[in-house]
Amino acid sequence: MSTQDKPAYHADEAKVQTHDKTNNLLGKAYDTAAEAKDKTAKTAQAAKDHVVEGKDNVGSYLQHAGDKIKSAAQGTTEAVKNILGLGEQK
């Protein structure tokens, strides 16, 4: 190799090394972004599941509370009927 070719050779080597480093960094950045996306998706799914579970619990609680109120109202109705003499004779 002549002394005239050495600078061009070194420039080409530097270009290849820079290209390799750039590709390596881009690959790491892509992997990091993919991991962050996966973690975010898992967190979002967990939050959604928690909300659905809470919604189901609220529905169950309201149903139970409604049944208790209905029962109390029926008991009150029967008590008033008995006081007025309109209740069933036992």
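**Figure 1. The salt bridge of the predicted model.** A search of the whole structure finds one salt bridge, a term that stands for a side-chain nitrogen of Lys or Arg within 4 Å of a carboxyl oxygen of Asp or Glu. The two partners are Glu-78 and Lys-81, whose side chains meet at 4.0 Å, N to O. Side chains of opposite charge can pair when their charged atoms come close. Glu-78 and Lys-81 are three residues apart in helix H1, which covers residues 5–84, and so they are separated by about one helical turn. Glu-78 is partly exposed, with a relative accessible area of 36%, and Lys-81 is partly exposed at 34%; here buried means under 20% relative accessible area, exposed means over 50%, and partly exposed lies in between, with a 1.4 Å probe and protein chains only.

This is a predicted model, in which local features need pLDDT of at least 70 and side-chain atom pairs count only at pLDDT 80 or more, while totals for chains, interfaces and linings use all residues. Residues are numbered from 1 along each chain as its sequence is written, and side-chain values use heavy atoms, with hydrogens and water left out.

**Figure 2. The whole chain and its helix.** The protein has one helix and zero strands, where helices (H or I, at least four residues) and strands (E, at least two) are DSSP runs numbered from the N terminus. Its radius of gyration is 38 Å, well over the 12 Å that the globule rule gives for 90 residues, so the protein is more spread out than a compact globule; this radius is taken over C-alpha atoms, and the rule is 2.2 Å times the number of residues to the power 0.38. Along the principal axes, the C-alpha trace spans about 125 × 15 × 5 Å. Of the 90 residues, 1% count as buried.

**Figure 3. A nonpolar surface patch.** Val-80, Ile-83, Leu-84 and Leu-86 make a nonpolar surface patch of about 460 Å². Patches are made of residues with over 30% relative accessible area and no salt bridge, with like charges joined within 9 Å and nonpolar side chains (Val, Leu, Ile, Met, Phe, Trp, Tyr) within 5 Å; accessible areas come from the Shrake-Rupley method with a 1.4 Å probe, and for residues only the protein chains shown count as cover. Val-80 lies in helix H1 and, at 41% relative accessibility, counts as partly exposed.

Figure 4. Ser-60 is found in helix H1 and counts as partly exposed, at 47% relative accessibility. The C-alpha atom of Ser-60 is separated by 75 Å from that of His-10, and these residues are 50 residues apart along the chain. Ile-69 is also found in helix H1, and with 60% relative accessibility Ile-69 counts as exposed. From Ile-69 to Lys-42 there are 40 Å in space, C-alpha to C-alpha, and the two are 27 residues apart in sequence.

**Figure 5. Glu-88 in the segment after the helix.** Glu-88 lies in the segment after H1, and at 67% relative accessibility Glu-88 counts as exposed. Glu-88 and Glu-78, the salt-bridge partner of Lys-81, are 10 residues apart in sequence and 8.7 Å apart in space, C-alpha to C-alpha.
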